[in-house]
Amino acid sequence: MSAAPLDNPNYWDSRYRQGDAPWNRGSHSPALEEALLRLSRPGRALVPGCGCGHDVRLLAVRGWEAVGVDFAPAALAQARGHGGPASIAYEEADFLTLPQRLSGTFDLVWEHTCFCAIPPERRHDYVRSAHRALRPGGKLLGAFFLRTGPLDPPPHCFTLEELDSFFGSHFMLEAEWLPGQCYPGREGEEILRLFSRKD
Ligand SMILES: C[S@@+](CC[C@H](N)C(=O)[O-])C[C@H]1O[C@@H](n2cnc3c(N)ncnc32)[C@H](O)[C@@H]1O
C-alpha cells in the first residue's frame, strides 16, 4: 500500500502545483462520452474528485448542469481556467464528508479515478456520499479499474465482487460493460458500471 496521504488535500494540491499529475490526460474520459448515450436525458450531475474538470466540461457540453467537486484548490484553479459552458460549477469540498448544500440535488454521479484514489478505509464514506448526493431514482455511473494483475496502488483496482460488496448496500447494479473507447494505454483495464440509488 502506498504511504501517500491520500486523504490530505495538501498532498493532492502540491502534486497539481508541481505539475506531477500523470492521471490528467488533458481531455475527458472517452468512456464517459460513450456511456452518456445510455442515459435518457440530461439533468444535474456531480463529478467527485474532478481534477482539472475535463469530464465536467463534457457533461455540460452534453446538456448537463455539471458540478465538479475537488478538495485540491490548484486542480480547481486549472479547471476554472479551462472555461466551458455557463452550466458548470466547481465546489472546493471533501467529497467524503459531502456538504449539506450538495445533498439530494443530483440525478447523476459520474465516478472516474476518485474511488480508486481515496484511502481504502474510506470507501464506505465514498459510497454513502454518492448515495446522499443523489435524488431518489438517481444514478451512479462509474469507470472502475479492474484488478487484472499486480499493480502498485494508487490507483487501487477492484474485482467485480469487491465492487458488489462496496456499492451493494446503497445501490442496485443496472448494467455493466467494457468500454469501447478509452484513453490510450487503458485498454482492457476499466469496466463501466451503472447503478441506481436504493431509496
Ligand atoms: C487521481 S486524481 C483524478 C482526477 C480526475 N478525475 C482525472 O481523471 O483527471 C484524484 C482526484 O481526486 C481528488 N480527491 C481525492 N480525494 C478527495 C476527496 N476526499 N474529496 C474531494 N476530492 C478528492 C484529488 O484532489 C484529485 O484531483
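Contact here means heavy atoms within 4.5 Å. This is a predicted model: local features need pLDDT of at least 70, side-chain atom pairs count only at pLDDT 80 or more, and totals for chains, interfaces and linings use all residues. Residues are numbered from 1 along each chain as its sequence is written, and side-chain values use heavy atoms, leaving out hydrogens and water.

**Figure 1. Overall fold of the protein.** Of the contacts with a separation of 6 or more, 69% join residues 24 or more positions apart. Six helices and seven strands make up the protein. Both are DSSP runs numbered from the N terminus (helices: H or I, at least four residues; strands: E, at least two). Their order from the N terminus is α-α-β-α-β-α-β-β-α-β-α-β-β. The C-alpha atoms fill a box of roughly 40 × 40 × 35 Å along the principal axes. Of the 199 residues, 53% count as buried. Buried means under 20% relative accessible area, exposed means over 50%, and partly exposed lies in between (1.4 Å probe, protein chains only). The protein exposes about 9100 Å², with carbon and sulfur atoms supplying 51% of it. Accessible areas come from the Shrake-Rupley method with a 1.4 Å probe; for residues, only the protein chains shown count as cover.

Figure 2. A backbone N or O atom of Gly-49 lies 2.9 Å from a ligand nitrogen atom. Asp-94 places a polar side-chain atom 2.7 Å from a nitrogen atom of the ligand. For Thr-113, a polar side-chain atom is 2.7 Å from a ligand oxygen atom. Taken alone the ligand exposes 590 Å², and the protein buries 95% of that.

**Figure 3. Backbone at Thr-113.** Thr-113 sits in the loop between strand S4 (106-112) and H5. Its phi is positive, about 60 degrees, although Thr-113 is not a glycine. Most residues other than glycine have a negative phi. Thr-113 is partly exposed, at 23% relative accessible area.

**Figure 4. Helix H5 and its cover.** Eight of the 11 residues of H5 are buried, so the helix is largely enclosed by the rest of the structure. The buried set is Arg-123, Asp-125, Tyr-126, Val-127, Ser-129, Ala-130, His-131 and Ala-133. Their cover includes S1, S4, S5, H6, S6 and S7.

**Figure 5. The buried side of helix H6.** H6 spans residues 160-167, and its buried residues are Leu-163, Phe-166 and Phe-167. They cover an arc of only 80 degrees around the axis, which puts them on the same side of H6. The arc is that of the directions from the helix axis to the C-beta atoms. An α-helix has 3.6 residues a turn, so residues three or four places apart point the same way. The buried residues of H6 pack against helix H5 (123-133) and strands S5 (134-145), S6 (171-177) and S7 (190-197).

**Figure 6. Ser-103 and Arg-132.** Ser-103 lies in the loop between strand S3 (88-92) and S4. Ser-103 is buried, with a relative accessible area of 17%. Its side chain makes a polar contact with the side chain of Arg-132 (3.4 Å). A polar contact is a pair of N or O atoms within 3.5 Å; within protein, one must be able to donate a hydrogen and the other to accept it, and residues adjacent in sequence count only if both atoms are side-chain atoms. Not counting residues up to four places away in sequence, Ser-103 touches Leu-98, Arg-132 and Ala-133.

**Figure 7. Asp-13 in helix H1.** Asp-13 belongs to helix H1 (residues 9-17). Asp-13 counts as buried, at 9% relative accessibility. Leaving out residues up to four places away in sequence, Asp-13 touches Ala-72, Pro-73, Ala-74 and Ala-75.

Figure 8. Gly-43 is found in the loop between helix H2 (30-36) and strand S1 (44-48). Gly-43 is partly exposed, with a relative accessible area of 21%. Neighbours within four places in sequence aside, Gly-43 contacts Trp-64, Glu-65 and Asp-107. The C-alpha atoms of Gly-43 and Glu-65 are separated by 6.2 Å, with the two residues 22 apart along the chain.
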